[in-house]
Amino acid sequence: MARRRTQASKAEASTQKVLKAALSLFSRQGYRATSMRQLARRSGLSVGNLYHHFGNKEQIFQRLIDRYWEILMDPDLPLNRIFAAARFPDDLEEMAAAIDQVVTGNAQSILLIYIDVIEFKGKHIRAFYQQMADRFRSAYSDRIAEMKQKGEIAEGVDPLIGVMLATRWFFYYFTVEKCFGVPMHMGLEPRHAVEEFAKVLRFGLLSREPGASDLETPSRPAPRGGKKHVDETRSPDA
């Protein structure tokens with residue numbers, strides 16, 4: 001029994017060495033430009049041992065992607081605690097700070113997403129993003145219903161889209177800042193940028209004349225058919 005535990009411990013240690021080496025190489029030079037020989041040399045294992053632990057190079061790549069998804073889905077992740085509290089849009093600044101934390105701590109893993117898009121056309125990440133709307137709907141359905149009942153939501157606006165837009169935008173913003181190495185790419189310090197994003201997300205952009213409906217502004221008339229037409233043309237999942 002002790003021998004089995006020792007063997008399992010050694011196997012796990014070897015696996016972690018390979019994953020650490022692969023994350024560094026893949027995120028810096030891409031998937032196809034990284035060979036199994038390079039991975040073996042960086043991790044201190046033989047090529048044969050790499051194939052023994054993982055089968056092939058793509059399985060190593062998939063394992064790294066899966067490990068990042070596990071981090072994102074951890075209920076104890078501060079960002080997921082914010083989602084669970086469902087206080088959108090009151091929590092925009094907290095959401096931004098939590099996403100900044102995720103991006104800062106997982107910059108190399110995030111770069112793998114872009115590598116997957118470029119080299120695999122999104123093969124390894126597609127399922128995660130396809131399920132995104134359902135995950136947000138599950139977390140925010142009660143909050144959205146409460147906001148609608150109180151009349152806090154602008155007519156014709158889907159707050160679930162707002163939640164997903166805010167989340168994806170903050171991830172994009174901090175990815176450019178932290179992973180792409182382009183600080184202040186919008187000409188603003190991060191704190192100021194988040195403040196401006198939150199204003200737009202909370203209050204919109206266009207002014208409204210007194211008495212105008214939420215879908216009718218001086219520069220954007222309501223669609224033909226009015227609100228009923230809008231509701232009828234929305235997708236079933238909106």
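In this predicted model, helix H4 (residues 57-73) and helix H7 (residues 107-120) cross at roughly 130 degrees, and their axes come within 10 Å. An angle between 115 and 145 degrees is neither roughly perpendicular nor roughly antiparallel, and H4 and H7 are therefore oblique to each other. Their crossing is left-handed. On the H4 side the contact involves Glu58, Phe61, Leu64, Ile65, Tyr68 and Trp69, and these meet Ser109, Ile110, Leu112, Ile113, Ile115, Asp116 and Phe120 of H7. Sorted by class, the contact of H4 with H7 comprises 10 nonpolar residues, one polar residue and two charged residues.

The setting for this pair is a chain with 12 helices and zero strands. Along the sequence, the pattern accordingly reads α-α-α-α-α-α-α-α-α-α-α-α. The chain has 238 residues, of which 37% count as buried. Among contacts in the chain with a separation of 6 or more, 63% are accounted for by residues 24 or more positions apart.

Met36, Arg37, Leu39, Ala40 and Ser43 of H2 make the contact with Val47, Leu50 and Tyr51 of H3. By class, six nonpolar residues, one polar residue and one charged residue take part in the contact of H2 with H3.

The two sides of H2 can be told apart by burial. Met36, Leu39, Ala40 and Ser43 are buried in H2. Viewed down the axis of H2, these buried residues fall within an arc of 100 degrees, so they line one face of the helix. Arg37 and Arg41 are exposed on the other side of H2. After H2 comes Gly44, with a positive phi near 80 degrees.

Helix H5 (residues 78-85) can be read in the same manner. Its buried residues are Leu79, Asn80, Ile82 and Phe83. Around the axis they cover an arc of only 155 degrees, which puts them on the same side of H5. The buried residues of H5 pack against H4, helix H6 (92-105), helix H9 (132-149) and helix H10 (159-178). The face of H5 turned away from its buried side carries Arg81 and Ala84, both of them exposed. Just after H5, Ala86 adopts a positive phi of about 50 degrees.

Beyond H10, the loop between H10 and helix H11 (190-203) contains Pro183. The relative accessible area of Pro183 is 56%, and a value over 50% counts as exposed, so Pro183 is classed as exposed. Pro183 and Tyr173 lie 10 residues apart along the chain, and their C-alpha atoms are separated by 9.8 Å.

Key: Residues are numbered from 1 along each chain as its sequence is written. This is a predicted model: local features need pLDDT of at least 70, side-chain atom pairs count only at pLDDT 80 or more; totals for chains, interfaces and linings use all residues. Side-chain values use heavy atoms; hydrogens and water are left out. Contact means heavy atoms within 4.5 Å. Helices (H or I, at least four residues) and strands (E, at least two) are DSSP runs, numbered from the N terminus. Ala, Val, Leu, Ile, Met, Phe, Trp, Tyr, Cys and Pro count as nonpolar, Asp, Glu, Lys and Arg as charged, and the others, Gly among them, as polar. Axes are lines fitted to C-alpha atoms, for helices over the stretch in contact, and angles run from 0 to 180 degrees between N-to-C directions. Angles under 35 degrees count as roughly parallel, over 145 as roughly antiparallel, 65 to 115 as roughly perpendicular and the rest as oblique. A crossing is left-handed if the near helix is turned anticlockwise from the far one by less than a right angle, and right-handed if clockwise. Buried means under 20% relative accessible area, exposed over 50%, partly exposed in between (1.4 Å probe, protein chains only). The arc is that of the directions from the helix axis to the C-beta atoms.
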